[in-house]
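Let's walk through this one together, starting with its domains and ending in its core. Have the model open beside you.

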Amino acid sequence: MIKLTRTFTPIKLTPDFVRDGTIQFQTNGTNVWNVDWLKEALLEMSRYKCAYCECKLQVGPIYVEVEHFEDKANNSIKVLEWDNLLPSCKRCNGAKGTHDVIATPIVNPFIDNPQNEFFIRRYRIKGKTQKGKDTEGVINLNDQTKAVIERFEIGEKLEDLIDTCKEKQDLFIENNLTQRRNKFLNSFKRMLLECQPDSDYSATCATILHSNEVYQEIKDSMEVLGLWNDEFELMHNSSLEIILERR
Ligand SMILES: [Zn+2]
């Protein structure tokens, strides 16, 4: 989970639309939030990922669900309230169900910074505060049949990328050929791309990257070799901003 920012309100979400839709939901339970432009706007704010587990989502096949932070069954007045809506995958939305966030608060990544609430231990995202612990249980963040396995697979892929990148750097240091330098730089950039806020499971990947000693060695060497540049600095820093504590 990473911090998200609600940057805009969809133009089509007018006060009339909200009022009419809310009455419609309260009267006959219509899924008034189930419209593509609303889902698209939510996805744009979460970089096309589930706000809770960071799996990639689309309006199409791997479809997004509109999650009501204060559940719609008990807070029907907020069924179309923009600040109450989050983009979620089916798994997280289903796990949360009608959980009462007023009685037992959980992390809302549009409000809370997940860095203050969670730490990572062996691909499990654990609560370090009571709110974090409650979120872990309510969203079922460590569902072993899906969430943990997906974080494990992407994390192991990143560990391989780091090792490959180090091998390519060593080859370049051994023989200063332009093509070896380019192969190494491509591999380095690919590794950083996996850890950007718009990549899936980016908090996990960024945490792995920044706690990996080999990554630090590669970076230090690049500075000595004069290969470190503004683009890498930017990517390094943006990944550093979303890391979770690793225990
Ligand atoms: Zn999810």
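How many residues of domain 1 are in contact with residues of domain 2, and how many of domain 2 take part? Seven from domain 1 touch eight from domain 2, where contact means heavy atoms within 4.5 Å. This is a predicted model, where local features need pLDDT of at least 70 and side-chain atom pairs count only at pLDDT 80 or more, while totals for chains, interfaces and linings use all residues. Residues are numbered from 1 along each chain as its sequence is written, and side-chain values use heavy atoms, with hydrogens and water left out.

The chain splits into domain 1 (15–104) and domain 2 (147–246), with bounds from an automatic or database domain assignment. Their centres, taken over C-alpha atoms, sit 35 Å apart. Together they bury about 630 Å², 49% of it on carbon and sulfur atoms; buried area is the accessible area (1.4 Å probe) that two parts lose on being put together, summed over both. On the domain 1 side, Arg 47, Glu 54 and Lys 56 lose the most area to domain 2, together 59% of what that side buries. As for salt bridges (a side-chain nitrogen of Lys or Arg within 4 Å of a carboxyl oxygen of Asp or Glu), the count between the two domains is zero.

Now for the core. The largest nonpolar core has 67 residues, and Tyr 52, Leu 158, Phe 188 and Met 222 touch the most other members. Such a core is a set of buried Ala, Val, Leu, Ile, Met, Phe, Trp, Tyr and Cys residues joined through side-chain atoms within 4.5 Å, buried being under 20% relative accessible area (1.4 Å probe, protein chains only).

Technical notes: Buried means under 20% relative accessible area, exposed over 50%, partly exposed in between (1.4 Å probe, protein chains only).
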